[in-house]
Protein chains: 2
Amino acid sequence: MNEKNIYNCWLRKGDYTNLASLEEYLEFCNTIIVKENKGVMNTAVNELKSAIKRITGIDALVIGEKVKNPHIILDLMQNNNEIGAEGFAIKRINNSLIIQGADDKGILYGVFHLIREMSTGKTLKQAEIIDTPKNKLRMINHWDNISGDIERGYSGKSIFFENDCVIKDLGRIKDYARLLASIGINGVVINNVNVHKYETKFITEEYLPDMARFADVFREYGVKLFLSVNFAAPIEIGGIPTADPLDVDVINWWKETATKIYKHIPDFGGFIVKADSENRPGPFTYNRDHAEGANVLAKALKPYGGIVIWRCFVYDCKLDWRDKSKDRAKAAYDNFKPLDGKFMDNVVLQVKNGPMDFQIREPVSTLFGAMENTNQVMEFQIAQEYTGQQKHLCYLVPMWKESLEFDTYAKGKGSFASKVVDGTLFDRNIGGVAAVSNLGDSQCWTGNPLAQANLYGFGRIAWNVDLTAQEIALEWVKLTFGNASEVVEAVMSMLLKSRDVYEEYTVPLGIGWMVNPNYHYGPSVDGYEYSKWGTYHYADFKGIGVDRSAATGSGYTTQYKDFNAKIYEAIKTCPEELLLFFHHVPYTYELKSGKTLIQHIYDTHFNGVNEVTLMRENWISLKGKVDAETYYLVLSKFNIQVEDAKEWRDVINTYFYRRTGIDDINNRTIYK
Amino acid sequence: MNEKNIYNCWLRKGDYTNLASLEEYLEFCNTIIVKENKGVMNTAVNELKSAIKRITGIDALVIGEKVKNPHIILDLMQNNNEIGAEGFAIKRINNSLIIQGADDKGILYGVFHLIREMSTGKTLKQAEIIDTPKNKLRMINHWDNISGDIERGYSGKSIFFENDCVIKDLGRIKDYARLLASIGINGVVINNVNVHKYETKFITEEYLPDMARFADVFREYGVKLFLSVNFAAPIEIGGIPTADPLDVDVINWWKETATKIYKHIPDFGGFIVKADSENRPGPFTYNRDHAEGANVLAKALKPYGGIVIWRCFVYDCKLDWRDKSKDRAKAAYDNFKPLDGKFMDNVVLQVKNGPMDFQIREPVSTLFGAMENTNQVMEFQIAQEYTGQQKHLCYLVPMWKESLEFDTYAKGKGSFASKVVDGTLFDRNIGGVAAVSNLGDSQCWTGNPLAQANLYGFGRIAWNVDLTAQEIALEWVKLTFGNASEVVEAVMSMLLKSRDVYEEYTVPLGIGWMVNPNYHYGPSVDGYEYSKWGTYHYADFKGIGVDRSAATGSGYTTQYKDFNAKIYEAIKTCPEELLLFFHHVPYTYELKSGKTLIQHIYDTHFNGVNEVTLMRENWISLKGKVDAETYYLVLSKFNIQVEDAKEWRDVINTYFYRRTGIDDINNRTIYK
């Protein structure tokens with residue numbers, strides 16, 4: 001039972017005996033009416049039936065005809081003006097409940113919404129819920145290799161691959177598809193964007209039957225399968241001497257490949273491509289641009305309705321740290337902005353939320369708002385590569401919301417990044433959000449059970465960015481731990497402060513990196529300082545930070561529009577949480593708080609550790625109030641987090657003390 | 001032919017047409033007389049015959065009876081007072097040459113000595129050479145895994161193992177045994193001291209037949225086979241619940257294991273053990289000391305004449321960088337000194353030359369001279385783990401000689417470390433030197449052909465520490481590249497300055513480390529600064545270095561005797577090349593040269609790069625004068641070395657500039 005709990009995440013069986021509206025649900029839960037019961041609709045019915053059983057104990061009757069007594073009706077209404085694609089309405093009519101959907105996916109999402117409402121005891125007496133997802137693409141990217149290893153995976157091995165083979169038992173895949181559908185995810189890339197030798201063959205007859213089996217499972221839950229492909233596949237598996245996107249043989253090879261794929265998977269979603277990025281092959285080899293590279297794939301997929309998701313994580317990863325004129329932050333914009341309008345309409349550019357690489361604090365990428373005639377997806381990382389690797393608690397929804405709510409000023413005030421990617425700002429037809437999975441084959445999927453909140457949260461804001469981080473946390477906590485106020489309050493408070501706390505004891509004021517090279521866990525202040533990766537802090541005896549101003553620095557600020565360009569440009573107006581990202585600042589610089597920069601660094605690091613210690617104590621106070629398996633697993637992570645936060649605190653403080661010789665004004669312990 | 005050249009190292013076929021004494025050799029080279037021609041003696045005869053053919057073109061006749069015409073006679077003389085075990089004499093009597101040996105190994109070494117003399121054209125007219133090796137143990141340690149990978153290997157894969165199997169074709173092993181014998185090596189450990197799962201089974205029936213095949217090949221060349229064993233073997237493969245060295249089952253298991261081994265390999269050398277070291281199992285688990293741990297193995301091997309080589313690389317590898325009172329340098333002495341006299345007489349302690357770990361500059365380990373009643377071996381590393389990984393030229397013989405010639409003052413002045421390990425100082429029966437191999441399956445064995453000089457040099461000083469680094473280099477250069485003076489002078493000069501040059505552009509004044517963690521290549525000044533490995537430099541805004549004095553530091557200096565303790569203790573008397581190893585010194589401290597410490601750092605780093613650039617130019621001047629394969633391979637390494645030396649220079653200079661804000665007085669480029 002414990003096992004089931006931790007494994008079923010937010011769909012677990014809770015304790016519903018004291019549920020507020022249980023009596024109310026009993027009225028209409030005896031009968032489910034559905035006309036045509038197959039495919040996704042069938043999934044929806046089964047989920048609803050089993051949730052009713054779980055929550056109310058009722059074995060609901062599923063029938064195709066209307067009955068007189070109160071019931072739940074699942075109703076496909078393709079011409080419902082209230083509801084957009086994949087949307088649903090839940091309405092109370094007399095004593096019955098109607099779930100309407102523009103399509104069968106809408107019904108399924110409506111059912112999961114209803115389950116959420118019922119599991120947390122919400123009243124449905126006046127139900128009048130209408131909900132359509134803001135983003136067409138709501139995707140999870142797995143970085144799984146056929147070896148079974150997951151690049152940047154912190155939750156065990158792959159659920160798709162094992163020992164260079166595709167997994168045969170699809171049981172866990174089905175459970176996974178269900179979790180995804182329950183939070184509105186509609187697309188999944190199952191293999192790493194770094195496509196290695198064997199994975200390159202996934203689009204051949206050798207592996208397509210396996211891929212089709214995966215697609216079948218996902219399809220039942222309304223999730224489309226996508227694959228990462230290798231831009232050099234025409235060479236590596238096609239036997240063609242080139243991968244030049246303008247070469248006729250290459251063009252034909254991709255066309256034939258697409259045809260093959262769609263024979264196996266008629267609703268195949270499309271390709272994701274990491275090209276000319278961190279030593280991956282790409283169009284640059286042939287003096288072609290990224291539009292030419294993407295379009296050759298897009299042309300091949302177009303007849304079948306497939307899309308190409310083209311990653312913009314393109315930068316020179318062989319920079320010289322000595323040359324301060326080069327700025328990696330500028331690269332995506334410099335590479336892609338000139339290509340606006342050149343991509344086919346079934347190409348989507350996938351842009352990381354920030355200009356660097358999933359750091360705990362970055363400004364929003366300048367590409368959002370910069371390409372009026374190009375589809376875009378914002379990419380997040382649920383996997384906590386730089387944010388504690390699921391050993392540390394770091395609820396990321398607040399960070400993602402900041403990115404989506406960033407005002408790009410592309411068409412004046414109110415031009416939020418969320419409106420760029422959902423297509424409304426520039427009237428684009430596709431777009432949305434994607435995120436790198438934090439899942440593996442660990443019992444609880446995410447290594448640390450509390451990290452489930454990030455997967456859940458991503459799905460929820462992908463659906464509706466207007467949900468607050470608090471609202472989402474509250475849903476997740478109640479679904480996971482039940483409604484007992486002591487538990488809800490304690491876990492909510494941990495989640496909501498966790499990102500700021502992680503930032504406090506790690507990397508100050510947006511400077512980023514300072515992690516152990518390759519591993520990206522734990523402090524190494526100079527770990528990336530003299531590297532080729534373009535990841536510098538330039539700390540010297542006087543100050544720290546990267547001058548990205550137009551006046552005296554790399555000029556990255558000029559990639560922003562209007563207001564943003566202005567406030568980032570000047571030290572005094574730059575938001576302080578990003579101060580060191582944009583400016584090189586003396587240690588003695590006085591912040592708005594009245595503290596010097598160096599004192600701010602000391603204070604946040606001491607405070608961050610104190611906060612983590614409190615979190616751990618807070619968690620211990622929940623012993624016996626959450627299931628034992630989750631309790632001990634989470635406690636083991638907090639134990640690590642407390643120790644490792646101390647290591648961060650001491651290394652950072654010592655590093656800056658040794659740089660500056662400036663003492664902490666409060667005389668706390670800094671090792672000298 | 002090129003291939004042969006590079007592969008045959010110093011035994012290659014040279015150009016002997018202009019050899020000084022060729023005419024002289026022709027006199028006695030027609031006939032080789034040997035009485036009993038089998039085993040090692042047979043090897044000696046074959047090597048001599050083939051060398052005669054190579055050098056003079058003569059097909060020598062091998063016969064058992066004396067003849068009248070001039071000849072070479074190989075003569076076993078067990079009661080020759082002039083010659084000790086494994087020693088030889090080469091004498092000219094009338095027109096003939098006699099090679100006398102106390103045993104057949106002596107004859108073989110005599111033959112290889114003669115080949116050296118003849119290949120370099122030395123006259124033998126008055127030959128009266130008498131030579132006995134100083135050290136009984138002259139060993140090579142391989143860190144090869146059965147996977148085929150070599151821990152800290154920079155020359156390709158293992159020559160013993162491949163893909164989790166033992167190599168079947170012994171051809172290359174035989175060539176290797178020959179190379180070893182030609183430089184007097186008489187023992188080889190073929191597997192990594194970190195003994196993993198499969199390698200633990202090498203001492204079982206599953207692998208012993210394979211080990212015996214190796215031993216057979218080595219035996220023909222007078223080399224004994226040793227194996228690294230896992231102290232926890234009784235548990236892992238013995239099925240015993242403990243590895244406690246005082247447990248009766250464990251004692252018996254090791255005895256039975258020894259019996260088994262000697263059935264397969266009657267002259268098996270013994271075990272080498274890394275116990276309680278860097279997370280390897282050992283006696284500490286059972287509250288036993290290292291003597292108890294070593295003796296259980298020694299007892300098992302004793303009846304068969306085997307020995308136990310017990311490594312002293314024992315230190316706490318989970319140190320806290322915050323705690324300056326702990327000093328890794330002190331660990332070996334603290335762990336082993338109290339056990340003096342407790343080890344059985346067939347146990348040898350293997351002690352690394354310095355107290356840390358094969359850095360470019362370290363003082364000599366305090367254990368040498370500290371244990372009057374214990375056998376010791378000095379361990380070097382031919383593999384250039386911290387000294388450029390065979391991409392950089394670093395001729396290590398001068399460093400090894402420094403260590404062996406170090407005066408320990410254990411029994412007053414003149415108590416050299418070489419006399420400790422060769423047994424003469426404390427009248428010990430076994431001892432010697434060992435070194436970690438720099439070999440792999442690369443065409444030239446050592447990745448970089450010039451790195452062959454280190455293997456050659458190790459063998460030569462293992463035989464006779466009184467040979468100078470110059471003498472050894474000269475032998476090697478002439479054997480490798482011939483006698484043309486331009487080549488000899490150029491390569492000699494490179495070799496002889498290479499260690500100082502490497503030190504100049506890397507880590508200053510004995511402080512060590514400053515390398516990329518794990519890889520140990522390239523600069524990362526703080527890479528090990530906040531680690532658990534006890535490897536710190538404590539650079540801050542004022543100064544750098546580890547205070548190991550008794551007065552104000554860790555007190556490591558007190559482990560030295562008399563004069564050494566005194567000079568290391570005080571900043572003014574401490575040899576400056578070790579200044580930062582022993583003292584924390586302000587950047588503005590004035591060195592004997594009159595330069596400040598910081599200026600010294602800048603100067604050496606600029607100079608080191610200049611020297612490497614010159615070396616490369618010097619090498620280019622040899623184009624056409626050395627064989628093309630060697631030329632281009634070495635050039636490719638110099639190209640890397642020049643670039644990477646610049647990286648070292650710039651990172652180190654920038655690091656210290658950013659720490660201090662002190663400019664180079666000569667205004668050379670330091671990136672700020």
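This is a predicted model: local features need pLDDT of at least 70, side-chain atom pairs count only at pLDDT 80 or more; totals for chains, interfaces and linings use all residues.
Helix α13 (residues 452-463) of chain B packs on helix α14 (residues 469-481) of chain B at an angle of about 130 degrees, the axes being 10 Å apart. That makes α13(B) oblique to α14(B); angles under 35 degrees count as roughly parallel, over 145 as roughly antiparallel, 65 to 115 as roughly perpendicular and the rest as oblique. Axes here are lines fitted to C-alpha atoms, for helices over the stretch in contact, and angles run from 0 to 180 degrees between N-to-C directions. Helices (H or I, at least four residues) and strands (E, at least two) are DSSP runs, numbered from the N terminus. On the α13(B) side, Gln452(B), Ala453(B), Tyr456(B), Gly457(B), Arg460(B) and Ile461(B) meet Ile472(B), Glu475(B), Trp476(B) and Leu479(B) of α14(B), contact meaning heavy atoms within 4.5 Å. By class, the contact of α13(B) with α14(B) has six nonpolar, two polar and two charged residues (Ala, Val, Leu, Ile, Met, Phe, Trp, Tyr, Cys and Pro count as nonpolar, Asp, Glu, Lys and Arg as charged, and the others, Gly among them, as polar).

Chain B has another oblique pair in α5(B) and α6(B). The axes of helix α5 (residues 171-182) and helix α6 (residues 208-220) come within 8 Å and cross at roughly 40 degrees, again in a right-handed crossing. From α5(B), Ile173(B), Lys174(B), Tyr176(B), Ala177(B) and Leu180(B) meet Phe214(B), Val217(B) and Phe218(B) in α6(B). The residues of this contact split into seven nonpolar, no polar and one charged.

Now for the rings. Over all chains, a search of the whole structure turns up 94 aromatic pairs; rings of Phe, Tyr and Trp (its six-membered ring) pair if their centres lie within 6.5 Å, with planes under 30 degrees apart stacked, over 60 edge-to-face and the rest tilted. One of these is the edge-to-face pair of Tyr502(A) and Tyr505(A), at 5.4 Å centre to centre and 70 degrees between the planes. Both tyrosines sit in helix α15 (residues 485-505) of chain A, three residues apart, about one turn of the helix. Tyr502(A) is buried at 4% relative accessible area, and Tyr505(A) is buried at 0% (buried is under 20%, exposed over 50%, partly exposed in between; 1.4 Å probe, protein chains only). Trp476(B) and Phe481(B) also pair edge-to-face, at 5.8 Å and 90 degrees, and both are buried.

As for the backbone, most residues other than glycine have a negative phi. Asn163(B), though not a glycine, has a positive phi of about 45 degrees; this residue lies in the loop between β8 (161-162) and β9 (165-166) of chain B and is exposed, at 62%. Gln389(B) has a positive phi too, near 50 degrees, but at 7% relative accessibility Gln389(B) counts as buried.

Terms used
Residues are numbered from 1 along each chain as its sequence is written. Chains are lettered from A and ligands numbered from 1 in the order in which they are written. Side-chain values use heavy atoms; hydrogens and water are left out. A crossing is left-handed if the near helix is turned anticlockwise from the far one by less than a right angle, and right-handed if clockwise.
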